[in-house]
Amino acid sequence: MLETVIFSLLNGLVYGLLLFLLASGLTLIFSMMGVLNLAHAGFYMLAAYFAYTISLYMGFWFGILLAPLIVGLIGGLVERYGLRQVHQFGHVPELIFTFGVAFLLEEVVQFIWGRDQLAYNKPEILEGALFTLFGADFPIYKMFMLIVSVLIFITLFLVLKHTRIGLIIRAAVGHPQVVGMLGHNVPLIFMVTFGVGTALAGLAGAIAGPVLGTYPGMASGLGGIMFVVVIFGGLGSLGGAFIASIMIGLIQTFAIAIDGSLADVLALAGIIVTEETFMYDIWSTTMPQVAPLIPYLMMVVMLIFRPTGLMGARES
Amino acid sequence: MNKFKLMLLGASSLILSAGLPAATVQAENLTIAFIDALSGPFAATGLGSGRELKHAVEKFLNGKEVAGEKLEVEFLELDGKINPKESLVQLQNAISQGAKYIFHNSGSSVGHALVGAINKHNKRNPDNRVLYLNYGAIDPALTGSKCSFWHFMIDANVDMKVSALVDEIAKDKSVKKAFIIGQDYSFGKAFSAAAKKYLADKRPDIEIVGDQLHPIGKVKDFTPYAQKILRSKADVVMTGNWGADMINLAKSVKEIGTEANIYGIYAYGPGVSAVVGESGLGKLSIVTQGHINPPNTPEWAAYTDEFLAKHPGNDMSNERTVYGVQMLGEAFVKAGSTDPLKVAFALEDLEFTTISGDKVVMRGKDHQMQMPLQVMAHAKDGLKYDFDQSGYGVITTSSIPLENNTLETSCEMQRPS
Amino acid sequence: MSNLTQIRKAENIARKKRLRILWLCFAVILVVLPLLATKFGLTILTQICVASVFALAYNMLLGQGGMLSFGHAVYFGLGGYASIHLMEYVGTGGAPIPLVLTPIFGGLFGLVAALLIGSFSTRRAGTVFAMISFGIAELVAASAIILVGFFGGEEGMSSDRTMGPSFFGYEMIPQIEVYYFAAVWFFLATFAMYYFSRSPAGRMANAVRDNAERAQFIGYNPQKIRLVSFVASGFFAGIAGGIFAIQYEIVTDSNLNTAASGLVMLQAYIGGIGYFVGPVIGAIVMTLLNTVVSGMTDLWLLYTGLLFIGTVLLAPNGLTGLIMMHTDAYRNGKLSTLVKPYLIGLIPLTASFVGIISLVEMFSHRNEQTVGDDVMPLFFMNIDVSTSEAWIAFTILSLAGIIGLRFTIPMVRTAWHEANEALTLPASPTKQEGAKNE
């Protein structure tokens with residue numbers, strides 16, 4: 001039992017922190033610009049592909065260094081020449097635009113790199129197990145992912161709390177109009193925010209590529225989970241996004257570790273469920289089956305009862 | 001209201017233009033449609049087997065002389081996304097473009113949908129029937145309780161493969177615990193049922209310590225599942241996973257460092273063999289059809305060489321694709337026609353020798369191909385063909401002859417009069 | 001005074017008459033088209049009918065109500081599932097209901113589902129609504145895999161449309177009968193949706209879309225208005241699901257997942273959400289891309305994405321908007337003055353189009369070709385991608401086209417303005433209004 005808990009905790013943390021890495025950029029963009037960037041997972045995927053190509057020529061480390069920068073640059077350009085154009089029409093066209101970018105990115109990636117899974121591998125030095133616990137290996141690479149995510153979290157936190165830029169960002173989250181009135185170049189801030197946000201997604205993609213696979217479907221499914229993190233955590237709240245990511249990470253891994261269904265619970269109470277029982281499907285559904293569904297349930301419930309999210313200050 | 005009129009004009013001209021390109025497509029001698037996943041998580045599998053099929057069709061069917069006429073084959077590739085509904089949409093597109101033979105590889109849920117739809121279509125359109133040549137949807141129900149006259153399974157079904165797989169496991173007396181993991185759909189469930197049934201039959205002393213289904217094509221990180229396998233202290237892991245789900249499972253199982261041996265039916269091929277690599281040597285066994293290493297006959301080696309020269313690095317493990325196309329060619333000649341009804345009758349109990357020297361029979365009773373199976377091991381040495389230029393591939397360790405691999409069927413075939 | 005009312009009355013009558021003629025034309029087109037089409041064309045036409053109904057239903061939300069939904073396929077899918085269950089029920093001897101009526105049943109099911117979900121999701125508009133709809137779509141799609149009893153799991157639900165009693169000798173066996181079935185429902189649903197958009201409820205939806213607060217001040221509850229639109233939209237989406245269920249006799253989770261929801265948004269937007277018929281145009285274009293273009297090139301999804309992004313950035317009113325830009329010129333009787341500049345502009349446009357598409361296709365062919373297979377068919381030519389001549393030629397063609405466009409665009413623009421200007425002053429505001437409401 002203990003080993004299950006420890007391992008699920010570790011794996012949940014790794015997954016949760018990766019989600020946070022992704023979602024932190026999204027939160028930043030969402031809180032500053034009010035745009036839920038539906039293409040965020042697309043940038044994540046794009047970075048994995050760039051990192052793969054760069055790693056072929058310059059090695060893994062340059063890959064994870066340069067890929068986020070390139071993706072951040074592309075993100076900035078998308079903001080400058082795309083999003084800004086539709087910004088004047090309101091949030092709905094903006095959402096539609098980012099949806100289009102997401103759609104296009106998936107096709108562009110297949111166009112350039114093909115539809116097969118790429119052999120994007122971790123470097124020799126991060127290969128192998130860090131330690132063995134209860135007979136199970138914990139890979140070095142996962143620890144690496146963990147450390148990078150935590151470092152980014154700390155950096156972002158410090159920047160937001162203790163620098164001038166952080167001050168502006170925090171002000172912009174609370175009162176977007178006022179920042180412009182104070183004489184800051186809002187379009188530039190938006191462009192930079194969007195670039196930095198997508199670069200963070202890019203970093204996540206570059207380091208996740210080797211473990212989660214680099215293929216055209218790698219963004220699908222993740223995008224949705226990321227919105228859950230941002231919305232559940234609350235608008236503009238890095239802390240909220242952090243908590244939400246970890247929660248989802250843990251729930252996903254623990255749900256698979258636990259094999260159980262409502263039928264088992266009912267059995268404890270002496271009620272035996274058979275195939276003839278009314279709504280057998282619901283009673284017999286096991287935790288691993290329900291796991292993918294839980295984040296969305298969390299989001300919908302949160303949106304209905306507390307649209308500001310866990311720690312958010314305002315609605316979109 | 002002029003706007004409205006303009007709209008209608010625009011709409012009608014657009015609709016009209018829909019009919020025009022369609023008009024140029026028909027009037028072909030023989031149209032074959034391939035419906036499979038050409039996008040999404042399983043695109044690599046679908047595209048790879050599509051190239052194999054296309055090559056075989058060009059090699060064995062195009063230009064073949066049937067009843068004094070040379071066949072001219074048109075090959076349609078349609079994206080069914082291994083989704084039953086998408087596949088039926090594509091089936092209708094294929095049929096209306098004149099396809100008479102539908103080939104399909106991945107996804108038993110798609111297989112069931114295609115059988116159902118083709119049954120209905122052939123009943124309603126006796127003058128425009130189609131045949132379904134299935135070389136990968138191997139849920140035994142397709143040649144059992146749900147068998148159809150219009151469907152032919154050109155692969156051993158799950159029961160046949162798992163029965164052989166369990167025979168292989170049964171040889172190892174040290175095995176005490178088995179863990180079954182599979183994708184949550186008809187095929188995964190059939191695999192799990194067969195594994196349990198044959199383990200109980202052949203090695204009742206083996207305890208089943210896990211029977212896990214996971215969502216198909218959606219799990220990105222299998223670590224929690226690998227963790228579960230490790231915790232169960234299983235000696236063997238049995239899995240029917242294929243494509244991306246097999247690659248990612250292998251990745252996680254390898255990473256967590258379990259000692260369990262893996263027994264699979266698709267645990268090889270592009271992606272998988274390279275990922276498993278060194279750590280899988282001596283630990284990964286597969287029961288499947290075909291002769292990759294060593295290629296059984298010079299013809300088969302030459303065919304593979306030619307194919308790989310055209311498509312470097314492509315999957316060439318779906319040898320049954322070639323059987324299916326060869327067999328269809330034989331049936332055309334036997335029937336003296338490409339009419340699906342005549343060809344279907346000609347296919348029944350058709351016996352022939354495959355390019356790799358196996359004797360196979362299309363059993364008329366249930367349209368299940370009876371074929372020898374091979375036990376293969378993940379290997380590094382002695383390979384003529386590896387996957388992904390990784391140096392790793394599979395090598396045949398033993399063969400299961402056709403006689404030992406014949407199972408009864410529950411099929412009650414409805415034949416057209 | 002009485003003079004003015006008389007003029008208005010006369011105008012009204014004239015408009016109604018024109019409208020009646022339009023509906024008649026629409027019906028005639030639906031009846032006649034399949035007679036000209038091939039078998040494949042017929043399949044495509046049936047698909048267009050289903051897609052159009054769904055896209056129109058979707059636009060009741062997005063275009064008329066200003067609510068962006070990322071999960072509207074839920075109601076399409078639920079309507080479809082319900083229809084399949086009805087077909088099974090009838091087929092197994094449950095009740096002798098003619099199956100041509102199936103869509104109404106699917107619609108009612110979609111309506112009930114929309115009422116249940118809409119009761120809380122329509123409380124807010126904008127991003128919150130979009131995200132709730134997305135979350136619910138994910139939830140329902142995931143449940144569709146788990147709850148095998150109703151949804152059939154991964155395999156979905158299938159049935160047989162011919163099992164019911166025949167409807168005046170009409171059994172929906174051949175494709176042409178299925179087409180007419182779909183076409184009749186397409187016509188009925190379009191008719192109903194058009195008059196819904198003209199009803200007070202539809203008008204109020206426009207008001208809430210444009211300014212919810214103002215609508216509230218005059219005494220309307222925006223949430224209720226949104227709910228009404230939402231429920232009506234769910235009803236018609238369910239009808240579309242019912243037609244689909246009859247055509248393909250299968251409904252799976254991919255009918256109601258977020259990808260399906262995204263597709264319908266694409267259709268509505270490409271067609272133009274500001275116009276009643278916009279979604280139909282979008283549905284036609286997308287269906288053609290999905291069937292005809294996908295048969296010609298593997299890159300059709302890439303082109304779809306480009307078309308969509310292009311629409312969002314360059315033509316926010318969609319393809320319909322591009323056509324409607326010419327109503328004033330038409331009224332001014334100056335449409336003919338545009339023919340020449342347009343034709344001139346078309347030359348560089350075609351050049352750049354052919355050039356760029358060729359380059360893209362050649363790149364893709366070079367990546368995925370079989371070894372030694374260098375020649376590919378392209379725009380009725382056979383191009384050898386291994387030679388640099390082909391690449392240079394198409395690059396020059398694209399560049400020449402783009403440079404040409406730089407010169408022709410200002411010319412076309414001036415011509416368009418001139419054609420519109422003549423007597424636009426009084427017409428201009430009505431055009432704006434009309435564009436919004438239609």
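## Domain contact in chain B

In chain B, 20 residues of domain 1 are in contact with 21 residues of domain 2. These contacts, like everything below, come from a predicted model. Helices α2 (43-60) and α4 (108-124) of chain B each supply at least two residues of the domain 1 side that touches domain 2 of chain B. By class, that side of domain 1 of chain B holds 8 nonpolar, 9 polar and 3 charged residues.

## Overall build of chain B

Chain B contains 12 helices and 17 strands. Its radius of gyration is 22 Å, close to the 22 Å that the globule rule gives for 417 residues, so chain B is as compact as a globular protein of that length. Along the principal axes, the C-alpha atoms of chain B fill a box of roughly 75 × 60 × 45 Å.

Burial covers 61% of the 417 residues of chain B. Take the contacts in chain B with a separation of 6 or more: 72% of them join residues 24 or more positions apart.

## Where chain B meets chain A

The contact between these chains draws 26 residues from chain B and 26 residues from chain A. On the chain B side, α2, α7 (223-231) and α8 (243-256) are the elements that give two or more residues. Helix α7(B) gives the most to this side, with 7 residues. The chain B side that touches chain A divides into 12 nonpolar, 7 polar and 7 charged residues.

## A helix pair in chain A

Two packed helices are described by the angle between their axes and the distance between the axes. In chain A, helix α3 (residues 60-87) and helix α4 (residues 91-113) have axes that come within 8 Å. These axes cross at roughly 145°. The crossing of α3(A) and α4(A) is right-handed.

From α3(A), the contact uses A:V78, A:G82, A:L83, A:V86 and A:H87. They meet A:P93, A:E94, A:F97 and A:V101 in α4(A). The residues of this contact of α3(A) with α4(A) comprise 6 nonpolar, 2 polar and 1 charged.

## Overall build of chain C

Chain C has 18 helices and 4 strands. The radius of gyration of chain C is 24 Å, close to the 22 Å that the globule rule gives for 438 residues, so chain C is as compact as a globular protein of that length. Its C-alpha trace spans about 75 × 70 × 45 Å along the principal axes.

In chain C, 49% of the 438 residues are buried. Of the contacts in chain C with a separation of 6 or more, 79% link residues 24 or more positions apart.

## Domains of chain C

The domain assignment gives chain C a domain 1 at 21-313 and a domain 2 at 327-437. The centres of domain 1 and domain 2 of chain C, taken over C-alpha atoms, are separated by 32 Å.

How values were computed: Residues are numbered from 1 along each chain as its sequence is written. Chains are lettered from A and ligands numbered from 1 in the order in which they are written. This is a predicted model: local features need pLDDT of at least 70, side-chain atom pairs count only at pLDDT 80 or more; totals for chains, interfaces and linings use all residues. Two residues are in contact if their C-beta atoms, placed from the backbone, lie within 7 Å. Ala, Val, Leu, Ile, Met, Phe, Trp, Tyr, Cys and Pro count as nonpolar, Asp, Glu, Lys and Arg as charged, and the others, Gly among them, as polar. The radius of gyration is taken over C-alpha atoms; the globule rule is 2.2 Å times the number of residues to the power 0.38. A residue is buried if 20 or more other C-beta atoms lie within 10 Å of its own, exposed if 12 or fewer, and partly exposed in between; C-beta atoms are placed from the backbone. Domain bounds come from an automatic or database domain assignment. Axes are lines fitted to C-alpha atoms, for helices over the stretch in contact, and angles run from 0 to 180 degrees between N-to-C directions. A crossing is left-handed if the near helix is turned anticlockwise from the far one by less than a right angle, and right-handed if clockwise.
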